[in-house]
Amino acid sequence: MDRLNKGARRWSAGLVSGLALTLAIGVVGNLAAPVAAAHAAPMAVVDRNGSYVSVETYAPNIVRVTISQDKDLAAAAPGYGFLADSDVKGWRHDQKAGADLFTSGALSLEVVAQPWPGAPSQMDRYFAPSLPPVSVKIRKADGSDLVAMNGWEMSPHVVNGERTYQAGASFSTSADEHFYGLGQNQEGILDLRGRKIDCKHDYDAPHGETVCVPFLVSSKGYGILWDNPSETKVYPAVNGRTLWQSKVGERVSFFVITGSYDEIYAGYRQLTGVTPLPPKAAFGYIQSKARYETQAQILNVAKGYRDRGYPLDVMVLDWFYWTRMGQMDIDPAAFPDPAAMNKELHDNGVHSIISVWPRFEKEGRYFNYLADKGWLLKDKDGKVVDGLPFRSDRTGGLIDSTNPQAREWFWGKIRDNIASKGFDWFWLDETEPDLVPEGYFWSIGSGDRYRNVFPLVHTQGVAEGSRRDRPDKRNLILARAAYIGAQRNGALFWSSDIQPTWEALKRQVPTGLNFTASGFAYWGNDIGGWQWLPQTTTATKPPLLDPSDARAVVGQNNDYPELFARWFQYGTFTPTLRVHGMRKDTEVWSFGKGAEAVVAKYLKLRYALMPYLYSMGHTTYETGAPFMRGLFMDFPNDPKVVNLGDQYMFGPAFLVAPITDQGVEDRDVYLPAGADWYDYWTGKKFTGGQTISVHAPIDTIPLFVRAGSIIPMGAPIQNTSQPQAINAVKVYPGRDADFTLYDDDGVTNAYEKGVGKTVKLHWDDKAGKLTATGDKGLSAQALAAVQVVK
């Protein structure tokens, strides 16, 4: 059975009939939501004068509410992205004064009583909604209010030839509430409060590509996970309410998860799936360029890293290695023996990623086959959609990855035509998709109805195929869009084709923090920017690095070596470290000797931190919590961090404050209250709750360590294929501390069966002693390498 669809079928119940349903406040619904074959019945479906409200519990702190005028739709399973089964354990259902009360040890939910309405007033006859009102109140275990859904909406309209509704809901908010998540929005603001978020995948968004993950996390201790894949507008805390409005749907369906931030992400994990542990190479350095044109270029670049003693884990072969878009072949003129190329890389401990696009030219060998099968995106007349009507991008039909058979075919061609040549992992580009589905049709229905599901199903096909056909090889996918549940497909996400500018760099920091706040731990960006490099300088101050020995790459863009160095510093402290871009060269030595020295310092630091990084990845696998975190997550009681988007935590220890302005060597850094802090470079200690001025010359990123931290560090290695000894366990005293050190083979899926080495490190601050419990060999290494920072 197709795991994602879980026995999907279209609803036969039809639309809510004939009523002129208008605003009662709110959003969402999904007539064609896929249904679990063995979907458990809701805990209860209650009737509010013809509006049916389904309450479905999943854990003491997770509840789903579904509202429709069709009882079957209200009782039906969630839509795309959800895997969990409902569970009534620990819940009870009571009725009191016409209200229905659902209570667990973590929260209570009240479906408010709605007396039968009396005769309408004159004003009501004109303006009152015909939709029977529904109100739902959610409270904490102590009975205090948490959030309420105060109204819902079903406004009829026609979308892509289909009679449907704008479906929505309105939630209460408070004056001191702040919001995070909702995928990727590159406007450069952390707190979503007071903004309009257009939740849809949009490559052409003015600030950079937007990605819709309809998961909104509140500073008040709850998250709302919206169950509708159509284009959705979200207005957090606008005019005293948070409004959701989805373009297509016949019901409102949403989950509420309560608790601390990490409890909320554990709930997201339970509902939508586990974030796998990526191969260890994914935590190392990934070298990319648009594009390496020949086999010789790739091998020469890899040799360049070896000859210079710089670490390298992955070489990337980007687009146009094929003879024609959709041929799914490798041009033998440029790559005469890709298997031999990959063998040479592997012999030197380097892996490979190859870009595989979802588009097929009409003249290609597979187009007619796919068109005849109906496995390409189509218009209303059943004709294959070929290219885009704008952006000078008019080539290729799009594989219909909503169709399980098309997914299976696509993976089969990747396996037989590409993976068979020794390529390790796959870059699934255009996962928005780039060929916008609005107005067109998937096999499952309207492209408007299923606007945002493509990155979920497209990565799913490759993830499942790779797991089945390469069971001993850990999967990895590079993808530039996501939807609910896509994290379980083993993808590293990145922020798409951004500009090589200081402005773009500055926006990346809050962009990444909201993306990880959406339940997706692995995010990065094209270090240095992807687009063509302007050949004139943007410097307003004297550049901090000499560009004179890099003219062949940077031209007269005098501040670009400085930008690249600052960007690489920041990238060192993101989940994925990958350089990319449409430049003559992108390697770390390409931007002058000054930039090379700075970048090499951070490249080596990244590998020294590999034991820390990899251990954090395993913790995410076990918990679902991201390790690149806005300060609001770890310091929820400090009001100064609620919209602080240019600093963040990287794991439990590091506070990172990147330099994102040209010519700057000093910046203010806020040290959150509730902890003491050490300057990583100098060891100087500071009290939290204050802003300090930090000197940051071009080879320094402002970096602090929280007192009461343990940081395991590794010996120098060329890549993660080599064993790495623990050569330092740095302890930053000031309070008791714990850290779980983890290691395994870094390649296979054996970690899922518990195969690996685990050591629990504990620092007793009063005794001044570190203890280690677990794997004896790794424990011995750790205890022999203790360094207490003083």
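Q: Before we start, what kind of model is it?
A: This is a predicted model.

Q: Which residues sit on which side?
A: Leu107, Leu109 and Val111 are on one side, with Ser108 and Glu110 on the other, and both faces are covered.

Q: How many bridges does E8 make with E7, and in what sense do they run, parallel or antiparallel?
A: Four bridges, and the two strands run antiparallel, with E7 covering residues 99-103. Thr103 has Ser108 in E8 as its bridge partner.

Q: And what joins E7 to E8?
A: A hairpin, by way of three residues.

Q: What about E8 with E9?
A: Antiparallel again: E8 pairs with E9, residues 136-140, over five bridges. Within that pairing, Glu110 faces Lys137 of E9. Glu110 is also one of the buried residues of E8.

Q: Changing topic. How many aromatic pairs are there?
A: The structure has 52. Take Phe686 and Phe704: their ring centres are 6.1 Å apart and the planes make 75°, so this pair is edge-to-face. An angle over 60 degrees is what puts a pair in that class.

Q: Are they buried or exposed?
A: Phe686 has 16% relative accessibility, and that counts as buried. Phe704 is buried too, at 1%. The cut-off for buried is under 20%.

Q: Which charged ends sit over a Trp ring?
A: Arg308 has its charged end over the ring of Trp589, 3.8 Å from the centre. Arg578 does this with Trp427, at 5.5 Å from the ring centre.

Q: Now helices. What's the crossing angle of H3 and H13?
A: Roughly 65°, with the axes of H3 (residues 261-272) and H13 (residues 610-623) coming within 9 Å. The two helices are therefore roughly perpendicular to each other. On the H3 side the contact uses Tyr265, Ala266 and Arg269, and on the H13 side Tyr621, Glu622 and Thr623.

Q: And how do H11 and H12 pack?
A: At an angle of about 5°, with axes 9 Å apart; H11 is residues 560-572 and H12 is residues 593-608. That angle makes H11 roughly parallel to H12.

Q: Which residues meet there?
A: From H11, the set includes Pro561, Phe564, Ala565 and Phe568. They meet H12 residues, among them Val598, Val599, Tyr602 and Leu603.

Q: Last one, the open sheet: what's the strand order?
A: Eight strands, in the order E29-E28-E27-E24-E21-E20-E19-E30, with parallel pairing. The edge strands are E29 (523-524) and E30 (577-579), and each pairs on one side only.

Q: How many bridges join E27 to E28?
A: Three, between E27 (residues 477-479) and E28 (residues 491-494), which run parallel. Ala479 stands across from Phe493 in E28.

Definitions and conventions: Residues numbered from 1 in each chain as written. Predicted model: local features only at pLDDT ≥ 70, side-chain atom pairs only at ≥ 80, totals over all residues. Heavy atoms only, no water. Buried < 20%, exposed > 50% of the residue type's maximum accessible area, 1.4 Å probe, protein only. Pairing = 2+ DSSP bridges. Phe/Tyr/Trp six-rings, centres within 6.5 Å; stacked < 30°, edge-to-face > 60°. Lys NZ or Arg CZ within 6 Å of the ring centre and 35° of its normal. Axes fitted to C-alpha atoms, helices over the stretch in contact; angles between N-to-C directions. Parallel < 35°, antiparallel > 145°, perpendicular 65-115°, else oblique. Contact = heavy atoms within 4.5 Å.
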